[in-house]
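Subject: Structure for your review

Dear colleague,

Please find below the structure that I am handing over to you. My notes on what was found in it follow directly after.

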Amino acid sequence: MPLMPYSGPIIDSHLHLFDPRRPQGIPWPEPGNQLYAAHLPSDYWALASSHNVVGAIAVEASPWRDDNRWLLETLRSDPRMLGFVGNLDPLHADFAADLDALAQEPLFLGLRYGNLWDRDLLQDQTRPGFIDGLRQLAACGRGLDSANPNPRLIKGLLHLSDTLPELRIIVDHLPNAQVPAGEEAAYHADLLRLAQRPNVFAKLAEIPQLGPQGLIVDTAFYNDRLAVLWEAFGDERCFFGSDWPNSDHLADFATTLGLVKSCMADKSEAVQGQFFLHNAVRIYTPTHGAP
């Protein structure tokens, strides 16, 4: 019999912050996008605090080097913001110096790199200096988030994990992986191989999907896809992220969170607590290499 949906404290491990009112503007979203407005911690907590969200992690929404510092300063004044995943390019000449500076900041939790900002993880890791940069990331105790999963990205993460098994890898948005027709079997095989690596984790953000009638609210629609991920990664390596405010093009925050809770309601209270709270803390806590 299904259990009651989770009602305990929550850590949202995936939200984006930006402010187009800055003199330099922002690289995303662009003018005309419905999200083109300030989205700051106060805006997030106005929506999230009443749902027992007690902490949140911001994830980069810009490839600009200086925006790592902007994100850091934006979080500092709100203790509920637990940290951020930034954006540095290991192929940039200043990568090592930039990473050394960020590594002194406890709020810095890692970097994101994937099929975003015209990057290609599978190709880029073959270029001189890239692996050395990510080795430095692992050495300072931080992890790597990936972006926008598809078969090529999963293959790239497999190669990266083979080369740097010590690097913590967080695969973002796996429930919404874009898999072309005919590539499903190869993608699934690579995903299962990737999940065998104990240092790889699945952030289950972007669960909600649209159908012909709008948002699909029947949890049965999601069960098979989520069951595959849960079986592959297990109770201790799956965790929650809302993708706010990018999720607003599907549903508002309360609806998104309610749907995710419904999808998880057949799991024990302890497992739900891991998914919504404890796993994010453990996975994102800087490890031995941190200052």
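Cys263 counts as buried, with a relative accessibility of 8%. Please note that the model is a predicted one.

Cysteines

How far is the sulfur of Cys263 from the closest cysteine sulfur? The closest one belongs to Cys238, and the distance of 13 Å is too far for a bond. A disulfide requires the two sulfur atoms to lie within 2.5 Å, and by this rule the count for the structure comes to 0 disulfides. Cys140 is likewise a residue that counts as buried, at 10% relative accessibility.

The sheet

An open sheet is formed by 8 strands, with parallel pairing, in the order E1-E2-E3-E4-E5-E6-E7-E10. At its edges stand strand E1 (10-15) and strand E10 (238-240); each has a single partner strand, so one side of each is left without a neighbour in the sheet. From one strand to the next, the twist averages 25°.

Two of the pairings may be described in more detail. Strand E4 (residues 108-112) pairs with strand E5 (residues 143-145) in the parallel sense, over 3 bridges. Within this pairing, Leu111 has Leu144 of E5 as its bridge partner. Strand E6 (residues 169-172) is joined to E7 by 4 bridges, and these two strands also run parallel. Here the bridge partner of Ile170 is Phe201 in E7.

Strand E7 (residues 200-204) deserves a separate remark. Of its 5 residues, 5 are buried, so the strand is largely enclosed by the rest of the structure. In a regular strand the side chains alternate between the two faces of the sheet. Both faces of E7 are covered: Val200, Ala202 and Leu204 are buried on one side, and Phe201 and Lys203 are buried on the other.

Pockets

The largest pocket holds about 290 Å³ of space. Its lining consists of 15 residues, and those nearest the centre are Arg112, Leu116, Asn148, Glu206 and Asn246. By class, the lining of this largest pocket comprises 5 nonpolar, 6 polar and 4 charged residues.

The second largest pocket contains about 160 Å³ of space. Which helices each supply at least two residues of its lining? They are helix H7 (184-195) and helix H8 (220-233). The residues that line the second largest pocket are Leu174, Pro175, Ala177, Val179, Tyr187, His188, Leu191, Arg225, Val228 and Leu229. This lining divides into 8 nonpolar residues, 1 polar and 1 charged.

Cavities

Rolling a probe the size of a water molecule over the atoms shows where empty space is left. In this structure there are 3 cavities of 30 Å³ or more. The lining of the largest cavity is made up of 8 nonpolar, 3 polar and 4 charged residues.

With kind regards

Methods
Residues numbered from 1 in each chain as written. Predicted model: local features only at pLDDT ≥ 70, side-chain atom pairs only at ≥ 80, totals over all residues. Heavy atoms only, no water. 1 Å grid on protein atoms, 1.4 Å probe; cavity = no way out; pocket = protein on both sides within 12 Å on 5 of 7 lines; lining within 4 Å. Points joined across faces, edges and corners; volume = space filled by probe spheres on them. Nonpolar A, V, L, I, M, F, W, Y, C, P; charged D, E, K, R; others polar. Buried < 20%, exposed > 50% of the residue type's maximum accessible area, 1.4 Å probe, protein only. Pairing = 2+ DSSP bridges. Axes fitted to C-alpha atoms, helices over the stretch in contact; angles between N-to-C directions.
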